[in-house]
Amino acid sequence: MAPVKSPPETPLLDQVKVPADLRRLKEGDLPQLADELRHELIDAVSQTGGHLGAGLGVVELTVALHYVFDTPADRIIWDVGHQAYPHKILTGRRDRIRTLRQEHGLSGFTKRSESEYDPFGAAHSSTSISAGLGMAVARDLAGAKNNVIAVIGDGAMSAGMAYEAMNNAGALDARLIVILNDNDMSIAPPSGAMSHYLARLASGSTYAGIRDFGKKLTGYLGKRADKAITRAVEHARGYVTGGTLFEELGFFHIGPIDGHNLEHLVPVLKNVRDNGEGPILIHVVTKKGKGYAPAEEAADKYHGVNKFDVISGAQAKAPANAPAYTKVFADALIQEAREDDRIVAVTAAMPSGTGLDHFGKEFPDRTFDVGIAEQHGVTFAAGLATEGFKPFATIYSTFLQRAYDQVVHDVAIQGLPVRFPIDRAGFVGADGATHCGAFDVTYLASLPGFVVMAAADEADLKHMVRTAAAYDDGPISFRYPRGNGVGVEMPARGEILEIGKGRIVKQGTKVALLSFGTRLADCLLAAEELDAAGLSTTVADARFAKPLDEDLVRRLAREHEVLITVEEGAIGGFASHVLHFLAHDGLLETGIKVRPLILPDEFTDHAKPEKMYADAGLDSAGIVRTVFAALGRDRAAATA
């Protein structure tokens with residue numbers, strides 16, 4: 001059996017360059033177009049990798065939205081952006097879809113600079129309703145009449161920001177359409193023909209007219225009667241169709257409806273377009289991976305995929321020459337949890353991405369997935385810490401930014417021993433600027449009493465897990481990158497590191513390379529080349545940005561002519577703490593040549609990580625260039 005339906009002999013998709021072409025098709029042609037779009041999506045992502053399951057689930061919804069609404073004048077905001085690949089194909093980017101997530105290619109998320117059909121950039125979740133409300137209010141202030149549609153998944157609705165936006169929209173009575181894409185059947189399944197009938201009825205002009213008449217009638221009976229009757233009617237309708245919570249927030253609720261049935265979707269969207277007023281929520285139920293058997297059967301494995309074979313569904317695997325950092329962290333945490341039953345793990349909707357799915361299999365009662373709610377997750381961990389538990393709040397660097405106030409106010413000010421394993425530190429390759437872990441050292445090391453570590457390799461990560469487990473004097477963090485380690489020998493169990501102490505890895509006399517994080521391997525390669533050029537080089541691993549190993553930094557500054565700091569973070573991070581110490585200790589006056597190497601002061605687009613580090617001057621060649629430049633010497637002549 002073929003895993004995907006083959007396209008018909010006369011492709012309609014070839015006739016659709018932009019949504020205006022789509023709107024010229026007959027409504028009866030839309031299912032065929034959806035089949036072709038799904039086939040194109042599968043073929044493209046099989047060559048590029050990316051987020052497949054979510055896009056497959058919204059093919060019909062994407063077709064219906066662009067068919068009914070006048071995009072780009074009508075704004076469609078895709079929450080997160082994982083599901084936006086079909087949207088990109090229909091909005092003038094089909095000829096570039098096989099450059100997805102490649103260097104100089106299309107972004108894996110919506111991006112304002114990429115297309116006028118992307119009115120808002122998205123990669124973190126739960127922002128679409130807030131952005132859409134801002135656009136709707138701006139439209140009204142400008143006297144315009146266009147529609148604003150926010151498409152948000154049921155998972156993203158676990159974030160408080162979505163409800164804050166809905167509460168505000170309800171209070172403003174703004175004309176805004178929110179489509180709740182329920183792709184996990186987690187709220188309510190559609191109940192067949194009756195559900196479809198009720199959705200069409202509720203979204204149509206007849207029902208809208210009855211509502212308006214009811215409002216006028218109850219107006220004569222006084223505000224109390226008006227409120228009582230309105231509340232009774234909405235609760236009764238909510239009982240039949242669901243949506244009472246949304247009604248309480250001020251939204252008119254429609255659904256649930258089958259998100260894969262265009263005969264259901266299109267009439268409802270037309271009714272909402274033509275008759276809607278105030279905020280409206282349409283509950284659409286879809287299936288992740290729809291139309292591709294391997295993705296339907298294993299939605300979690302096909303959320304984000306490597307390149308894969310379309311027929312078998314088998315994904316390409318990266319070379320397994322060294323363990324992945326995420327796996328090393330998970331195994332180390334499991335090992336420590338076996339020794340200490342106070343260790344608990346917290347994740348914000350990323351159990352597999354952070355490795356905590358493995359921890360959860362062994363310790364299900366000590367594993368907590370709080371959903372896409374990083375703010376809550378951090379304060380939840382703080383609460384656990386007050387009662388003597390040892391929470392590991394395991395969050396990607398870029399996602400931890402969403403909870404910074406909670407880190408400051410609820411953890412750091414109170415000096416609570418919450419542990420922060422920070423995954424995806426540094427460049428992340430295909431996920432680009434929105435997922436780049438550039439800022440955590442800067443924003444954490446500025447907080448009093450915070451211990452900030454970075455693992456140099458997979459063995460060092462194991463040490464830091466044990467160190468964090470043993471540390472009870474306040475908050476502590478340790479960062480590590482995406483991808484595999486460097487293949488160092490692994491200890492049976494991590495060691496407890498002395499807080500605030502680094503190490504000398506290689507001793508030299510003229511040049512000092514002080515690494516913070518996994519650039520240590522490139523520092524060692526650079527040292528080999530510098531030694532060969534007659535520049536005796538010391539390589540040190542700082543391990544701690546805070547507290548800084550001042551004795552180590554002082555020694556490096558006094559005993560060498562050049563000091564290069566190397567880190568996978570933004571300006572204001574590790575190097576800033578080193579320079580601050582050197583200035584106050586008077587060491588800058590000794591003539592030491594200090595050069596900080598950091599991530600560029602920009603939001604860097606997607607490419608292969610090794611290319612990104614090379615472009616940033618953070619590979620071995622870039623480190624060598626920086627040393628020669630600091631010494632004012634010609635590298636070519638020195639190495640000839």
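Rings of Phe, Tyr and Trp (its six-membered ring) are taken to pair if their centres lie within 6.5 Å, with planes under 30 degrees apart counted as stacked, over 60 as edge-to-face and the rest as tilted. The structure is a predicted model, in which local features need pLDDT of at least 70 and side-chain atom pairs count only at pLDDT 80 or more, whereas totals for chains, interfaces and linings use all residues. Residues are numbered from 1 along each chain as its sequence is written, and side-chain values use heavy atoms, with hydrogens and water left out.

By the ring criterion, the count comes to eleven aromatic pairs. One of them joins Phe368 and Phe380 in an edge-to-face arrangement, with 5.5 Å from centre to centre and 75° between the planes. Phe368 lies in strand E7 (residues 367-369) and Phe380 in helix H17 (residues 374-386), so this pair ties together parts that are twelve residues apart in sequence. Helices (H or I, at least four residues) and strands (E, at least two) are DSSP runs, numbered from the N terminus. Phe368 is partly exposed, at a relative accessible area of 27%, and Phe380 is partly exposed at 26%; buried means under 20% relative accessible area, exposed over 50%, and partly exposed in between (1.4 Å probe, protein chains only).

Phe439 and Phe603 also form an edge-to-face pair, at 6.2 Å centre to centre and with 70° between the planes. Phe439 belongs to the loop between strand E9 (419-423) and helix H20 (440-445), and Phe603 to the loop between E17 and helix H25 (609-615), so the pair ties together parts that are 164 residues apart in sequence. Phe439 is partly exposed, with 31% relative accessibility, while Phe603 is exposed, with a relative accessible area of 64%. Elsewhere, ring pairs link Phe329, Phe478 and Tyr480 into a cluster.

Charged groups also sit over rings, a relation that requires NZ of Lys or CZ of Arg within 6 Å of the ring centre and within 35 degrees of the ring normal. The charged end of Arg366 is placed over the ring of Phe363, 4.4 Å from its centre. Arg519 lies over the face of Tyr613, at 3.9 Å from the ring centre.

The protein chain has 27 helices and 17 strands. Of its 640 residues, 55% count as buried. Among contacts (heavy atoms within 4.5 Å) between residues at least 6 apart in sequence, 76% join residues at least 24 apart.

An open sheet of five strands has the order E1-E2-E3-E5-E4, with parallel pairing; two strands pair if DSSP finds at least two bridges between them. Strand E1 (75-78) and strand E4 (252-258) are the edge strands, each with a single partner strand, so one side of each is left without a neighbour in the sheet. Neighbouring strands of this sheet are turned by 20° against each other on average, direction ignored. Axes are lines fitted to C-alpha atoms, for helices over the stretch in contact, and angles run from 0 to 180 degrees between N-to-C directions. Helix H4 (residues 59-68) packs on the sheet and touches E1, E2 and E3, its direction making about 160° with that of E1.

Within this sheet, strand E2 (residues 148-153) and E3 pair in the parallel sense over five bridges, and Gly153 stands opposite Asn181 in E3. E3 is also paired in the parallel sense with strand E5 (residues 280-285), over six bridges, and Leu180 stands opposite His283 in E5. Six of the six residues of strand E3 (residues 177-182) are buried, so the strand is largely enclosed by the rest of the structure. In a regular strand the side chains alternate between the two faces of the sheet. Both faces of E3 are covered, with Ile177, Ile179 and Asn181 buried on one side and Val178, Leu180 and Asp182 buried on the other.

Another open sheet is formed by five strands in the order E12-E14-E13-E16-E17, with mixed pairing. Strand E12 (503-506) and strand E17 (593-597) stand at its edges, each with a single partner strand, so one side of each lacks a neighbour in the sheet. E12 and strand E14 (residues 537-541) pair in the antiparallel sense over three bridges, and the bridge partner of Arg503 in E14 is Asp541. Helix H24 (residues 574-584) packs on the sheet, touching strand E13 (511-516), strand E16 (562-567) and E17, and its direction makes about 150° with that of E16.
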